[in-house]
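Take a look at the model, try each task, and then read the solution.

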Amino acid sequence: MRTLFLELMEQYVVAKNPKLMLRRSETVVERMLSNWMSICLYQYLKDSAGEPLYKLFKAIKHQVEKGPVDAVQKKAKYTLNDTGLLGDDVEYAPLMVNVIVQDEGVDAIPVKVLNCDTISQVKEKIIDQVYRTQPCSCWPKPDSVVLEWRPGSTAQILSDLDLTSQREGRWKRINTLMHYNVRDGATLILSKVGVSQQPEDSQQDLPGERHALLEEENRVWHLVRPTDEVDEGKSKRGSVKEKERTKAITEIYLTRLLSVKGTLQQFVDNFFQSVLAPGHAVPPAVKYFFDFLDEQAEKHDIRDEDTIHIWKTNSLPLRFWVNILKNPHFIFDVHVHEVVDASLSVIAQTFMDACTRTEHKLSRDSPSNKLLYAKEISTYKKMVEDYYKSIRQMVQVSDQDMNTHLAEISRAHTDSLNTLVALHQLYQYTQKYYDEIINALEEDPAAQKMQLAFRLQQIAAALENKVTDL
């Protein structure tokens, strides 16, 4: 990786655009760096940064689920993302329902829901609560369970759409607990779907065209019905007054975004601190690689601090931390709902902004995520600067120490990585470019010394009875 890196650096320095290095992942070495960092930081993630990230994810999920979420438009009342904000005021009330899981004991489990939740949303919240001690990948899917309510002697199966759904022209409204008149304290029964219980006219069996036709005929909505195309045409030509009103509404919503941000602030800070903790907690790989970048900058006479800052930012915060911040399911067994994802994206963008050295001038027209964290961004930027500075001042990690550390990591993951599969994939690549690789190995002095071309020919001979020069 080091050898390939020196070559990559050479290319950017010769082309006189070193700032662009590591911005993408187009070369083999950039991909290698992503994997190398992931493997080297795994233990640190497990011991230090994983918990604050998990708590941040859960806190966002809790905030989002506290208020209405439009199941069709994927917009929420409580969010950090203005494009995913449920603008209209929806009347709703929290309910506590008691859930009995069929064939799993008689104790009812209390679950918090909202009366405006669709039946699928209620199922998700119930599954979340009932199976919370199990990994998410083991949970039943909402469409594989049936929710039943027995208000009196009769039992009623609750579903998103059925014969009781409200219709208005081509529009059909998704059923909610309010639609069925389910009250606070009601008892619901959750049972697994048997094959015989599957509805016969399941829309999945419909041919594509007929399905699309049905969709066209029955447009569904949940909390906010989209304006019809006719109305949309009018509003696009909207008057100046109309635009001013929209602006005023946006500012009202900004206060709602700010209140959600205030609730989540401690969780965001804790995560940033765990990632940018200077001093003793820095993983050896980070110190080693940052020193390598500093050395190369000096060697190539790059004195511009911005360039070195960009290299470090592209190799660690943007390549590793932002990736898992946007995708918690890469490391946790969780399901990330779109409305949770929308808020995570805002925090990830703030983290990215904190890693840049350029100052953003804010105005009323700036994106809401920039306005939201305008007060904190200078603190975060200073955290990044201090983090890089403290790493520079740490005691160096020698090549020998790094090799020992990598050997330990290898030992720790012996059972979890399938080296045979990796070797097989590498060999498939080798097969494709066999002649070019052999020629390159024969010309390279280091490869000559280790007789690599000869060894690759031996492998090919053993695997495929290839005729070689042996």
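**Exercise 1.** Which strands does helix 3 (residues 119–130) lie across, and at about what angle does helix 3 run to strand 4?

*Solution.* Keep in mind that this is a predicted model. Start at helix 3 and look for the strands it lies across: strand 3, strand 4, strand 5 (145–149), strand 6 and strand 9 (187–192). Then compare directions: helix 3 runs at about 145° to strand 4.

**Exercise 2.** Work out the order of the strands in the open sheet, and find its edge strands.

*Solution.* Five strands form the sheet, in the order 4-3-9-5-6, and their pairing is mixed. Next, look for strands that pair on one side only: these edge strands are strand 4 (109–114) and strand 6 (156–158). On average, neighbouring strands of the sheet are turned by 40° against each other, with direction ignored.

Now zoom in on one pair. Strand 3 (residues 94–101) is joined to strand 4 by six bridges in the antiparallel sense. For Leu95, the bridge partner in strand 4 is Val113.

**Exercise 3.** Describe how helix 1 (residues 2–14) and helix 2 (residues 28–66) pack.

*Solution.* The axes of helix 1 and helix 2 are 9 Å apart, and the packing angle is about 130°. That angle makes helix 1 oblique to helix 2. The crossing of these two helices is left-handed. Helix 1 brings Leu4, Phe5 and Leu8 to the contact, while helix 2 brings Val29, Glu30, Met32 and Leu33. Finally, sort the contact residues: six are nonpolar, none is polar and one is charged.

Methods: Residues are numbered from 1 along each chain as its sequence is written. This is a predicted model: local features need pLDDT of at least 70, side-chain atom pairs count only at pLDDT 80 or more; totals for chains, interfaces and linings use all residues. Side-chain values use heavy atoms; hydrogens and water are left out. Axes are lines fitted to C-alpha atoms, for helices over the stretch in contact, and angles run from 0 to 180 degrees between N-to-C directions. Helices (H or I, at least four residues) and strands (E, at least two) are DSSP runs, numbered from the N terminus. Angles under 35 degrees count as roughly parallel, over 145 as roughly antiparallel, 65 to 115 as roughly perpendicular and the rest as oblique. A crossing is left-handed if the near helix is turned anticlockwise from the far one by less than a right angle, and right-handed if clockwise. Contact means heavy atoms within 4.5 Å. Ala, Val, Leu, Ile, Met, Phe, Trp, Tyr, Cys and Pro count as nonpolar, Asp, Glu, Lys and Arg as charged, and the others, Gly among them, as polar. Two strands pair if DSSP finds at least two bridges between them.
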